[in-house]
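Visitor: I have not looked at this one before. Could you walk me through it slowly?

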Amino acid sequence: MSRVVVTGRIPDAALEKLRAEHEVDAWTEADSIGRDELLSRVSGADAIVSLLTERIDPELLDAAGPQLKVVANVAVGYDNIDVPACTERDVVATNTPGVLTEATADIAFGLILMSTRRLGEGERLIRSGQAWKWGMFFLLGSGLQGKTLGIIGMGGIGQATARRAKAFGMEVVYQSRSEIDPSTAAELGARRVDLDELLAVSDVVSVHCPYGPATRHLIGAEQLAAMKDSAYLINTARGPIVDEAALAVALRDGTIAGAGLDVFENEPQVHPDLLDLENVALVPHLGSATIETRTAMATLAADNALAVLRGDEPPTPVR
Ligand SMILES: O=CC(=O)O
């Protein structure tokens, strides 16, 4: 029996899988685990099942000890994990790709609709108790049919968002490190372009790339200025990919028409200037937040941890 530390609340189905084979020490409070508590709990762990809110760095890996074999993140993004530090210590890091693709694309598309059709503004207006009535020019937004969606990062979530865009009658262009499978590109009618072209031609730009040093502030003042003034920016990937202060200025000055954000640069803080703007839809990191998806993510993370503890190749290691 090995010792598995789970750093936050996860669905029972996954906990039960872990408990069937190992001794499990799971943090079960609604509030996230404090750093000091985490550092003391991981001591002696053979496996850590981590949430994206926990920083897995050299300090934590050393606090765990040399017997640690695996860090199984319950997230597709793993910017909270220092992967080279894991590799140096022979610790396998894993993530949960695939199982949250559709749920996250749904939220990306939800934000596209919220921002282009001004749904948040409408909701706030009704709840404010102010008088309103239907009018020819009341809360007019921007339609999607025939418009162009520019996808930055055409992995699984980018492709699933493109599929939704196609159903809404949109054209799709994308920027990605690699060309996607030609049959998928043909099915989506998606054209690969460079970032400059994508920013210039898109009516909606949606960010789906991983976060790391190469993508920090990939979208800043210069890129926002390169977008159409009628365009919208959507981010469901990671907050720091977008320079939030520059975005607030661009939204206030009319450099772009609007934005929809599920992730923030200093989560859970939101840049105060964004809170005062009507033309940005703000939701609290809900990309994968469905019962089905969170259960699938936690179960996949448990399978990853169990596989490594058995001496097998885990289903979804980070490469
Ligand atoms: O943000 C959520 C994830 O990376 O899974």
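Guide: Let me begin with a term: a salt bridge here is a side-chain nitrogen of Lys or Arg within 4 Å of a carboxyl oxygen of Asp or Glu. This is a predicted model, in which local features need pLDDT of at least 70, side-chain atom pairs count only at pLDDT 80 or more, and totals for chains, interfaces and linings use all residues. Residues are numbered from 1 along each chain as its sequence is written, and side-chain values use heavy atoms, with hydrogens and water left out.

Visitor: How many salt bridges turn up in the whole structure?

Guide: A search of the whole structure gives 24 salt bridges.

Visitor: Which residues are linked in a network of salt bridges?

Guide: The network links Arg3, Glu23, Asp25, Glu37 and Arg41. Within it, the side chains of glutamate 23 and arginine 3 meet in a salt bridge at 3.9 Å, N to O. That pair links distant parts of the chain, with glutamate 23 in strand E2 (residues 23–26) and arginine 3 in strand E1 (residues 3–6), 20 residues apart. Helices (H or I, at least four residues) and strands (E, at least two) are DSSP runs, numbered from the N terminus.

Visitor: And is arginine 3 buried or exposed?

Guide: Arginine 3 counts as buried because its relative accessibility is 18%, whereas glutamate 23, at 43%, counts as partly exposed. Buried means under 20% relative accessible area, exposed over 50%, and partly exposed in between (1.4 Å probe, protein chains only).

Visitor: What does lysine 228 meet in a salt bridge?

Guide: Its partner is aspartate 203, at 2.9 Å from N to O. Lysine 228 lies in the loop between helix H10 (221–226) and strand E10 (232–235), and aspartate 203 in the loop between helix H9 (195–201) and strand E9 (204–207), so the pair ties together parts that are 25 residues apart in sequence. Lysine 228 is partly exposed at 29%, while aspartate 203 is buried at 13%.

Visitor: Changing topic, which residues make the nonpolar surface patch?

Guide: Trp134, Met136, Phe137 and Leu140 make a patch of about 580 Å². Patches are made of residues with over 30% relative accessible area and no salt bridge, where like charges are joined within 9 Å and nonpolar side chains (Val, Leu, Ile, Met, Phe, Trp, Tyr) within 5 Å. Accessible areas come from the Shrake-Rupley method with a 1.4 Å probe, and for residues, only the protein chains shown count as cover.

Visitor: Where does methionine 136 lie?

Guide: Methionine 136 lies in the loop between helix H6 (119–128) and strand E6 (148–152), and methionine 136 is exposed, with a relative accessible area of 56%.
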